[in-house]
Number of protein chains: 2
Amino acid sequence: MAEKVHRVVFQPDGRTLFVPDGQTLLDAARAAGIHMNAPCGGKGTCTGCRIIIPLSPPPPTETCLRELSGEEIRRNLRLACQTRVRGDLRVVIPEETRLGDQKILTDGVAREIALEPNVRKVAVHLPPPAVSDQRSDADRLIDGLAEKGIDGAHIDIRIARELPERLRALDFHPAAVVIGREVVYLDRPTAADACYGIAFDVGTTTLVGYLVDLVTGRLAAVASRGNPQAAYGDDVIARIEYCGRQAGGARTLNSLVVGALNEMVAECCRKAAVKASAVYEATVVGNSTMNHLLLRLPVDGIARAPFVAAAASAHTVSARDLGLRIHPRGRVYTAPLIASFVGADTVGVILATGMHESDRLRLAIDIGTNGEIVLGTRERLLACSTAAGPAFEGARIRYGMRAATGAIDRVDMDGERLVLHTIDEAPAVGLCGTGLIDAVAALVAAGVVTPSGMMRAAADVAKRTPALARRIQGADGETGFVLAAKGETLTGHPILLTQRDVREVQLAKGAMAAGVETLLAEFGAAASDIQEVLLAGAFGNYIRPDRALAIGLLPRVPLERVKFVGNAAGVGARMMLVNCGLRRAADDVARGVEHVELSQRPDFQPRFAEAMIFPPVTL
Amino acid sequence: MAEKVHRVVFQPDGRTLFVPDGQTLLDAARAAGIHMNAPCGGKGTCTGCRIIIPLSPPPPTETCLRELSGEEIRRNLRLACQTRVRGDLRVVIPEETRLGDQKILTDGVAREIALEPNVRKVAVHLPPPAVSDQRSDADRLIDGLAEKGIDGAHIDIRIARELPERLRALDFHPAAVVIGREVVYLDRPTAADACYGIAFDVGTTTLVGYLVDLVTGRLAAVASRGNPQAAYGDDVIARIEYCGRQAGGARTLNSLVVGALNEMVAECCRKAAVKASAVYEATVVGNSTMNHLLLRLPVDGIARAPFVAAAASAHTVSARDLGLRIHPRGRVYTAPLIASFVGADTVGVILATGMHESDRLRLAIDIGTNGEIVLGTRERLLACSTAAGPAFEGARIRYGMRAATGAIDRVDMDGERLVLHTIDEAPAVGLCGTGLIDAVAALVAAGVVTPSGMMRAAADVAKRTPALARRIQGADGETGFVLAAKGETLTGHPILLTQRDVREVQLAKGAMAAGVETLLAEFGAAASDIQEVLLAGAFGNYIRPDRALAIGLLPRVPLERVKFVGNAAGVGARMMLVNCGLRRAADDVARGVEHVELSQRPDFQPRFAEAMIFPPVTL
């Protein structure tokens, strides 16, 4: 019995798919590699996968009717995850639904570190065998490497099997590639200085790859892109749930991230004019879920109490095992994890900022879906993770979006006049995390939002700020504040900040602030004792610190103590690539950092409740 | 176009094969797993693969005419390697052609060694995870093992992937199998004491396997069989040549030996009522060619000047990689080699006899196709290999055979009366190595053979020993001495010792003796300084030392200094299984022993020529 299929054309790029009868549009798009914004993972709750079916749209489902406005339904919007294909269709994917290129931070702190890579490529001149020198081929090579300062090299049986032929083909003058102590390949002597590594920061939202010349230590190229797993859920919990729900789900997510890493290998190699086969090692930092999905370790323990990872230590795996298309004999090093929600990315931040070697009390904050917080000195480091939620990444916010073209990323108030800035100065499409913080800070300062987070009614505001009051309106049963009117936007609908959006910001910033306060209490210090607040990660580095201080996202320290450290996790990955001694330091950090499990602390919830209040600050 | 095939019935067991037109009988038999004696590897020079074609035999080839006697041709004997199948045939394989079960030495010296196996199986009770104890599954297990005294255990990514499910299935109470520091498997706690290893002695001719209980150190079972590679050549040179000549030849030889090792695993497990999956490690000693064929390392460098092995060091390989059917996560350790013709078997002999720890000057001799000789003390050990040839294993001897049922293994002379003994006291079939030595010793003592090795004519002997003179007769153009008349043998043909056989013995014993003398000269010692002569190996242990001394195979020491050490190589393999610290000792031995390359010494040839002379000794 033949399966019934329908023809579906995706606009604007015109890709045509044949889709089995009854499949959802989200699944069909995923299968074709078209990545839609679906933070909730397809459960119909995030409304990220809005699509338009211009002609003869199917009737809206219950979920569509609940989640979309009447106007949206009339404009033929549907949720792709809720729409099953029952006939031929043309589907328009709006820009904000499409997971596009985002503004990604690829630079970070740059510490001077010694060039001591784990990969060495050494040209050796070996004396050919003679009856007076009957050393085996393997011993001959090992002795030759020892003369070049590489002691105790080891030759695996697979290399040994091809060694005699290879050594003779190269006239006993190979450029030996040694990873750690393992001889992995014999290259031509003329290729002796083609020796590269790539450092990956594997984030829930964003992937960055840094190609490094391991002969000079120089950064050769950078590539980045969104994590295509985002189509299966915006946060790690949604992705873990997807793996539990869907047979082969973990394999799908693994393939997606490996595919994206391979694209970045290819892109970096193209930019630097290097062959992928000259890349012998990759280092990886990522949170525990990203780490486990990449390594094909089971993730279900991470999301379920008592929140236990399968294997937190560093791993060294063959590139072939992971499917990473560097040299097939290459290796992948994944840095160790601290806990289920404090991953190798945090280890990278600590290494990059040198917190584990510093006498000064410092606080590092990596704001993301999970905010990781580290506090301490060389004597004692504490870390925790707070479920800040994806608000700052645009999810669960009515007109939220990622930091892509058209996102409102800055909101200033000049009297009663709103001054908006959008990424690439394009017509506004939505509101990204920094714009969200700015907007809330501005509205709190203007008295439109109370310290407890309530958006005042237009009437209450009209007396003092009539122009702002006019922007307050009902929005599907709740109060909203119009940031951009429909005439000012690309999409033709207004962009509002709603009461619920403000609550999301309160939850997010409250979680972060309560986490910081709990660590301070555990450490026995006050906010004023913090000598540096280090803002790490893709998002933290675009925040305006004064606004973050204003809404209480950051602890109350003098503004000049707030420092940006860029993509410190990625810098940590690069450091471990360039200097393998730091991998031992990473082990020490991962073991030595005290993980504070917030859910276990009776003092966390009261702090959280209190931290949701906006501080009485004027801009 | 269909291939033309013929029906061939092999007697006595009646196996029927369909053989492609033109294939040789040797190849057809090999393909069917019928192993014939073919020391030369099928070149038509050893005449080991004599078969009988009772009805309508094909005309003899040139080679058959040259190598077989007129009488043999008339009796319808042919060489299987020279006989191409052109029609249906019935083929009788005489007992001496068939590679049967041989008398194999499985016992050896037994030194007391501490039980310190590389494999440990430890039942651990782990506390289940809790929010107050969020260690990863891997760390939890590693910590639990550390409490049991196994420090720094490592969990490979493949194990880690299944660890969460496995640990929970076993209620956090696994019996962890740790090889070295690698956790390789989690068994049920009730199976905690099912932990075995198997030690292999992989000889050119003979394979022996020893199953050892690694909890108690007790020997649980022994199995042995002939090396099925023998069908492709009786000595290592013939096998290496076969690999060079025949595409896929090395793979064939590898499969044969692995298949035989697997049979021995199964046999030992059956005898000891142990599951093969409870065997976690194998140790292997073997000469360099056997080692390389087993490990699938290229062998061509071994046989060709300057005689260089691919990789002489010890290797640890997964059982799965080698196809060895112990536990699929098990490991195979192959002991290191000293040189291309002084292999890991010699390392095993040294470890087993403790030569590397002894103050007394000792000589160890392992007589085989290649005789390995070790001389020295803890201060200095010298080793060499001599191409003794396969005479003592029955090859190149007119009526030679292996030490199997019906082989004449002892020859005594009572006046002029010959007293023969055969293995299993069966009717005589041929002459094995010990019988050969005895026969030569007796004929030299009786004056039938001169000190220079010439067999006297009957007329010259008739005066003093008329009964012996009657046994001297022409044999296809050379002189021969009838050991057993045709009425006394199973085959109906007489068993003769020919002039050429005596020359083969002279070459073999000359090579051994010259090797010993060269080592003595290198060491700066005389034969009389040797405090012990250790006879090792399958053959050495059946020799009668007085006869070996009589023909000059052994250096002239008092008889009581000659000791049998049994299958010392196999004992060495067992020791390395039971005590892994000895693997470091093996590395030291392999590196520390000075290999003396006889072909490079100008003093070797004159010594060799001199050593061919029989010493003037009477029994």
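Trainee: In which loop is A:Pro306 found?

Mentor: A:Pro306 is in the loop of chain A between helix 9 (300–303) and strand 14 (315–318). Helices (H or I, at least four residues) and strands (E, at least two) are DSSP runs, numbered from the N terminus. This is a predicted model, in which local features need pLDDT of at least 70 and side-chain atom pairs count only at pLDDT 80 or more, while totals for chains, interfaces and linings use all residues. Residues are numbered from 1 along each chain as its sequence is written, chains are lettered from A and ligands numbered from 1 in the order in which they are written, and side-chain values use heavy atoms, with hydrogens and water left out.

Trainee: What kind of peptide bond joins A:Ala305 and A:Pro306?

Mentor: Most residues other than glycine have a negative phi, and most peptide bonds are trans. The bond between A:Ala305 and A:Pro306 is cis, with omega about 5 degrees. In chain B, the bond from B:Ala305 to B:Pro306 is cis, with omega near 5 degrees, and B:Pro306 is in the loop between helix 9 (300–303) and strand 14 (315–318) of chain B.

Trainee: Which residue other than glycine has a positive phi near 55 degrees?

Mentor: That residue is B:Ala273, whose phi is near 55 degrees. B:Ala273 is in the loop of chain B between helix 7 (249–272) and strand 13 (279–286).

Trainee: At what angle do helix 6 and helix 7 of chain A pack?

Mentor: Helix 6 (residues 236–245) and helix 7 (residues 249–272) of chain A pack at about 130 degrees, their axes 7 Å apart. Axes are lines fitted to C-alpha atoms, for helices over the stretch in contact, and angles run from 0 to 180 degrees between N-to-C directions. Angles under 35 degrees count as roughly parallel, over 145 as roughly antiparallel, 65 to 115 as roughly perpendicular and the rest as oblique. Helix 6 and helix 7 of chain A are therefore oblique to each other. A:Arg239, A:Tyr242 and A:Cys243 in helix 6 of chain A meet A:Gly249, A:Ala250, A:Thr252 and A:Leu253 in helix 7 of chain A, contact meaning heavy atoms within 4.5 Å. The residues of this contact divide into four nonpolar, two polar and one charged. Here Ala, Val, Leu, Ile, Met, Phe, Trp, Tyr, Cys and Pro count as nonpolar, Asp, Glu, Lys and Arg as charged, and the others, Gly among them, as polar.

Trainee: How far apart are the axes of helix 18 and helix 19 of chain A?

Mentor: The axes of helix 18 (residues 568–578) and helix 19 (residues 581–592) of chain A are 6 Å apart, and the angle is about 130 degrees. Helix 18 of chain A is therefore oblique to helix 19 of chain A. The residues of their contact divide into five nonpolar, no polar and one charged.

Trainee: How many salt bridges does the rule find across the interface of chain A and chain B?

Mentor: Side chains of opposite charge can pair when their charged atoms come close. A salt bridge is a side-chain nitrogen of Lys or Arg within 4 Å of a carboxyl oxygen of Asp or Glu. The rule finds two salt bridges across the interface of chain A and chain B. A:Asp321 and B:Arg161 meet in a salt bridge at 2.8 Å, N to O. The contact takes 35 residues from chain A and 35 residues from chain B.

Trainee: How many salt bridges are there over all chains?

Mentor: The count over all chains is 68. Among them is the pair of A:Asp187 and A:Lys121, with the closest N and O atoms 2.8 Å apart. This pair links distant parts of the chain, 66 residues apart: A:Asp187 is in strand 9 (residues 182–187) of chain A and A:Lys121 in strand 6 (residues 119–123) of chain A.
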